[in-house]
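The exercises below concern one protein chain. Each sets a task and then works through it step by step.

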Amino acid sequence: MSSANSCGKSGIGHRIDRVLASSAAAVAAATGLGMIGTSQQANAVIVYSGSVAIPVPDNLDGVYLNVVTGATGSTGTSVPGWDINPYSVVAGEFNLWGWSTQTWYSSTGTIAGPYRVPAGTVIGPPATNYFRPGGGTNVGPQMNLNSTDNYLGFRFQHEGNANQIHYGWVQFAFGANAGSRTIIGYAYEDVAGASIPAGAIPEPASLGLLALGALGLAARRR
């Protein structure tokens with residue numbers, strides 16, 4: 001995690017910065033969901049939050065989240081090493097902030113987005129696919145209202161892994177408008193640089209099948 005994260009962004013300078021935003025490019029591919037690991041690195045394992053209910057206040061602070069520790073708060077200083085910060089620059093809108101200018105995945109390679117991606121969209125390199133749209137870009141109209149079908153991709157520095165870059169997804173439930181929203185789950189790959197399909201989680205059933213397969217192979221060898 002960048003040390004800049006721990007300083008927080010609640011002052012006037014931060015509020016001005018959040019309203020101005022910056023830039024880059026690319027397009028995503030799709031893959032299947034649910035199998036443990038990653039479509040690219042066989043040794044990577046998905047780290048999943050489980051079902052959560054983290055409200056995102058409809059204000060300029062929103063919620064700061066450290067996806068490794070699960071810590072949340074209303075200021076950056078209250079959440080050391082925070083990674084993502086959804087919020088509202090104007091009540092009823094939905095805006096995105098992050099630890100870096102290259103935090104949130106845009107499927108069109110433009111700062112305008114869209115940022116909501118279909119389940120299965122591969123979230124991974126390069127960094128030029130990612131932005132920090134801030135208050136200059138209200139992404140609320142891109143979200144599915146009265147729905148949990150709202151996946152967004154992100155990249156972050158893992159403070160427990162030498163600050164290397166990891167990729168993840170976060171799922172939001174929206175109410176009747178963009179100002180009513182809750183984080184209901186998030187996940188990331190535990191191997192630096194490994195891609196992750198949006199919505200992919202480790203499945204106990206998949207682990208069971210792998211274990212059975214290993215037992216069968218061992219029996220054959222005997």
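**Exercise 1.** Which residues does Val170 touch, not counting residues up to four places away in sequence?

Solution. The model is a predicted one. With the sequence neighbours set aside, Val170 touches Ile84, Trp104, Asn150, Tyr151, Leu152, Phe154, Ile183, Gly185 and Tyr186. The largest nonpolar core has 24 residues, and Val170 is listed with Val67, Phe94, Trp104, Leu152, Phe172 and Ile183 as having the most contacts inside it. Two or more residues of this core come from each of S11, strand S12 (164-174) and strand S13 (181-189). Another core lies apart from it, with 12 residues, including Ile46, Tyr105, Val117 and Ala198.

**Exercise 2.** Decide whether Asn150 is buried or exposed, and find its contacts.

Solution. Start with location: Asn150 is in the loop between strand S10 (130-131) and strand S11 (151-158). Its relative accessible area is 0%, under the 20% cut-off, so Asn150 is buried. Beyond four places in sequence, its contacts are Arg116, Met143, Asn144, Val170, Gln171, Phe172 and Phe174.

The loop between S10 and S11 also holds Asn146. Asn146 has a relative accessible area of 62% and is exposed. Its phi is near 50°, a positive value in a residue other than glycine. Ala162, in the loop between S11 and S12, also has a positive phi, of about 60°. At 68% relative accessibility, Ala162 counts as exposed.

**Exercise 3.** Classify the ring pair of Trp104 and Phe154, and state what the pair ties together.

Solution. Two quantities are needed: a pair of aromatic rings is described by the distance of the centres and the angle of the planes. For Trp104 and Phe154, the centres are 6.4 Å apart and the planes are at 65°. Pairing requires centres within 6.5 Å, and an angle over 60 degrees counts as edge-to-face. The pair of Trp104 and Phe154 is therefore edge-to-face.

Now turn to sequence. Trp104 belongs to strand S7 (residues 104-105) and Phe154 to strand S11, so the pair ties together parts that are 50 residues apart in sequence. Trp104 is buried at a relative accessible area of 0%, and Phe154 is buried at 0% as well. Trp104 and Phe154 form one aromatic cluster with Phe156 and Tyr188. The structure holds 11 aromatic pairs.

**Exercise 4.** Describe strand S6 (residues 95-98): which way do its residues point, and which strand is joined to it?

Solution. Sort the side chains by direction. Asn95 and Trp97 point one way, Leu96 and Gly98 the other way, and all are buried. The charged end of Arg132 sits over the ring of Trp97, 4.1 Å from its centre. For pairing, strand S5 (residues 84-87) is joined to S6 by four bridges, and the two run antiparallel. Within S6, Gly98 is the bridge partner of Ile84.

**Exercise 5.** Where are the cis peptide bonds that join Gly113 to Pro114 and Pro125 to Pro126?

Solution. Take each bond in turn. For Gly113 and Pro114, omega is about 15°, and Pro114 lies in the loop between S7 and strand S8 (116-117). For Pro125 to Pro126, omega is near 5°, and Pro126 is in the loop between strand S9 (122-123) and S10.

**Exercise 6.** Summarise the protein as a whole: how many helices and strands does it have?

Solution. The secondary structure comes to two helices and 14 strands. Of the 222 residues, 45% are buried. Among contacts between residues at least 6 apart in sequence, 68% join residues at least 24 apart.

Methods: Residues are numbered from 1 along each chain as its sequence is written. This is a predicted model: local features need pLDDT of at least 70, side-chain atom pairs count only at pLDDT 80 or more; totals for chains, interfaces and linings use all residues. Side-chain values use heavy atoms; hydrogens and water are left out. Buried means under 20% relative accessible area, exposed over 50%, partly exposed in between (1.4 Å probe, protein chains only). Contact means heavy atoms within 4.5 Å. A nonpolar core is a set of buried Ala, Val, Leu, Ile, Met, Phe, Trp, Tyr and Cys residues joined through side-chain atoms within 4.5 Å. Rings of Phe, Tyr and Trp (its six-membered ring) pair if their centres lie within 6.5 Å; planes under 30 degrees apart count as stacked, over 60 as edge-to-face and the rest as tilted. A charge sits over a ring if NZ of Lys or CZ of Arg is within 6 Å of the ring centre and within 35 degrees of the ring normal. Two strands pair if DSSP finds at least two bridges between them.
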